[in-house]
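Colleague: I'm new to this one and would like a quick tour. Can you put it up on the screen?

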Amino acid sequence: MLRTALLFLASSGVCLAQAPVPVDPAAKLIEEIDTIASAEPPLLGIDTQTEAAKILLTARPATARRLLDSALSRIRPLLDPLTVRSLMFPAVDLLYKLDPDEAAHTVSTHLLTIQSRKPSRDDGLLLSSFEPLFRLTHPSLATACEAESERILKLHPPTHDGIDKPKSKAPSIDGFDLDARIELARKQKDPLVRIEMLISVIDDKDTPPRRRAALAADALPDTEKLPVGSDGRLLAQSMLTRRLYEAGDRPGAALAAQMLEQTFAKMFDCDSAACTSFTGEAPPGDMVRLFAEYLDENHISPADLGLTHRSLTVRIMLIELQKLLESKK
């Protein structure tokens, strides 16, 4: 009897030892996101790592810290102040929540870097954003950031270039009927104004769906007249893709989506790691993130529009990761 019992326990132990270890779907997804982030153009990879850290901050702080350390190590060699400003503050803000002293050390080091060279207005604006973050826990650093920021901003007052450039304004169309609004829009010399006015007609509840699709298709070629490096071009193509899809013009939406993907590739994809600056107003991943959210909310697969860009794919994964972690709460 004893021998039988021992044999049973031994065989059970073998079975237990051979039992498969449960797969953690979140860990697998994080690994895939990290892999894609390392293969993205540098600025987009940094953005991906920071967004992933934001999602993981509470649920998996050690992983969030690792991603932030990687993102900040990739930011440090960057020389363009606008690019550094757009990428550095979100990463430091998250790091502060995990390790205030390390965040303070990162900012102190960057402050010395700024002081060692000729500063720009974006350097001053970045330091200004750090001041309230460290005011309570590291007052001497906050004071140093504020003083240096004030000095720099006095040297570089606001201009009408870059991010301070005023936006173009469309003429008033109040009281115009549908055809008159369209005619006035098409007379505008500025392609961005034409697009804005046509989109306002498309969004009018009294515009028939077929007319909406036709107007969106008419406006699409104008988007390629906008500068490749401008947020306006990305935004216009994104908005027109959505309008075409909602109007039921799937081929037109697919064409617009392909134009959007090509613009995004021209702006951020690099033949080498030398792609280290951008000129947009928002962080480089914001526009594609908004588009990914739209696709997710409307249950549209990127494949439905022929989209394969890895930066869109990874931001869809970030949405999936957030949902997965929220479902476990």
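This is a predicted model: local features need pLDDT of at least 70, side-chain atom pairs count only at pLDDT 80 or more; totals for chains, interfaces and linings use all residues.

Colleague: Okay, let's pick a residue. Where does Arg315 sit?

Modeller: Arg315 belongs to helix 15, which covers residues 310-327.

Colleague: Is Arg315 buried or exposed?

Modeller: Buried. Its relative accessible area is 2%, and the cut-off for buried is under 20%.

Colleague: What does the side chain of Arg315 make a polar contact with?

Modeller: With the side chain of Asp47, at 2.8 Å.

Colleague: And which residues does Arg315 touch, leaving out those up to four places away in sequence?

Modeller: Asp47 again, plus Glu40, Leu44, Thr48, Gly285, Val288, Arg289 and Ala292.

Colleague: Let me zoom out for a second. How many helices and strands does the chain have?

Modeller: There are 15 helices and 0 strands.

Colleague: What share of the residues counts as buried?

Modeller: 43% of the 329 residues in the chain. On contacts, if you take those with a separation of 6 or more, 68% are between residues 24 or more positions apart.

Colleague: Now the empty spaces. How do you find them, in general?

Modeller: You roll a probe the size of a water molecule over the atoms, and that shows where empty space is left.

Colleague: How big is the second largest pocket?

Modeller: Its volume is about 380 Å³. The lining has 15 residues, and the closest to the pocket's centre are Lys54, Ile55, Leu318, Gln322 and Glu326.

Colleague: Which elements give two or more residues to that lining?

Modeller: Helix 3 (42-56), helix 14 (286-297) and helix 15. Helix 15, where Arg315 has its place, gives the most, with 6 residues.

Colleague: How do the lining residues of that pocket divide into nonpolar, polar and charged?

Modeller: For the second largest pocket, 8 are charged, 5 nonpolar and 2 polar.

Colleague: What lines the largest cavity?

Modeller: Leu234, Ser238, Ala257, Leu260, Glu261, Phe264, Met287, Val288, Phe291, Leu307, His309 and Leu312. Helix 12 (231-246), helix 13 and helix 14 each give two or more residues to that lining. Helix 13 has the largest share, 4 residues.

Colleague: And how does the lining of the largest cavity divide?

Modeller: Into 9 nonpolar, 2 polar and 1 charged. Val288 is one of the lining residues, and Val288 is also among the residues Arg315 touches.

Colleague: Staying with helix 13, what is Thr263 up to there?

Modeller: Thr263 is in helix 13, residues 250-268. Thr263 is buried, since its relative accessible area of 1% falls under the 20% cut-off. Its side chain and that of Gln237 are joined by a polar contact of 2.8 Å.

Colleague: Which residues does Thr263 touch, again leaving out those up to four places away?

Modeller: Val228, Arg233, Leu234 and Gln237. You've met Leu234 already, as it is part of the lining of the largest cavity.

Colleague: Changing topic: how many aromatic pairs are there?

Modeller: The count is 4. Take Tyr96 and Phe134: their ring centres are 5.4 Å apart and their planes sit at 90 degrees, so this pair is edge-to-face. The pair links distant parts of the chain, with Tyr96 in helix 5 (residues 81-98) and Phe134 in helix 7 (residues 121-134), 38 residues apart.

Colleague: Are Tyr96 and Phe134 buried or exposed?

Modeller: Both are buried. Along with Phe89 and Phe130, they form one aromatic cluster.

Colleague: One last residue. Where is the place of Ser149?

Modeller: In helix 8, residues 139-155. Ser149 counts as buried, at 4% relative accessibility.

Colleague: Which backbone oxygen does the side chain of Ser149 reach?

Modeller: The one of Gly124, at 2.8 Å. Ser149 also touches Leu127 and Ser128. Ser149 and Leu127 are 22 residues apart in sequence, yet their C-alpha atoms are 5.6 Å apart in space.

Note on methods:
Residues are numbered from 1 along each chain as its sequence is written. Side-chain values use heavy atoms; hydrogens and water are left out. Buried means under 20% relative accessible area, exposed over 50%, partly exposed in between (1.4 Å probe, protein chains only). A polar contact is a pair of N or O atoms within 3.5 Å; within protein, one must be able to donate a hydrogen and the other to accept it, and residues adjacent in sequence count only if both atoms are side-chain atoms. Contact means heavy atoms within 4.5 Å. On a 1 Å grid over the protein atoms alone, a cavity is a set of points where a 1.4 Å probe fits but cannot get out, and a pocket is an open set with protein on both sides within 12 Å along at least five of seven lines; lining residues have an atom within 4 Å of a point. Grid points are joined across faces, edges and corners, and a volume is the space filled by probe spheres set on the points. Ala, Val, Leu, Ile, Met, Phe, Trp, Tyr, Cys and Pro count as nonpolar, Asp, Glu, Lys and Arg as charged, and the others, Gly among them, as polar. Rings of Phe, Tyr and Trp (its six-membered ring) pair if their centres lie within 6.5 Å; planes under 30 degrees apart count as stacked, over 60 as edge-to-face and the rest as tilted.
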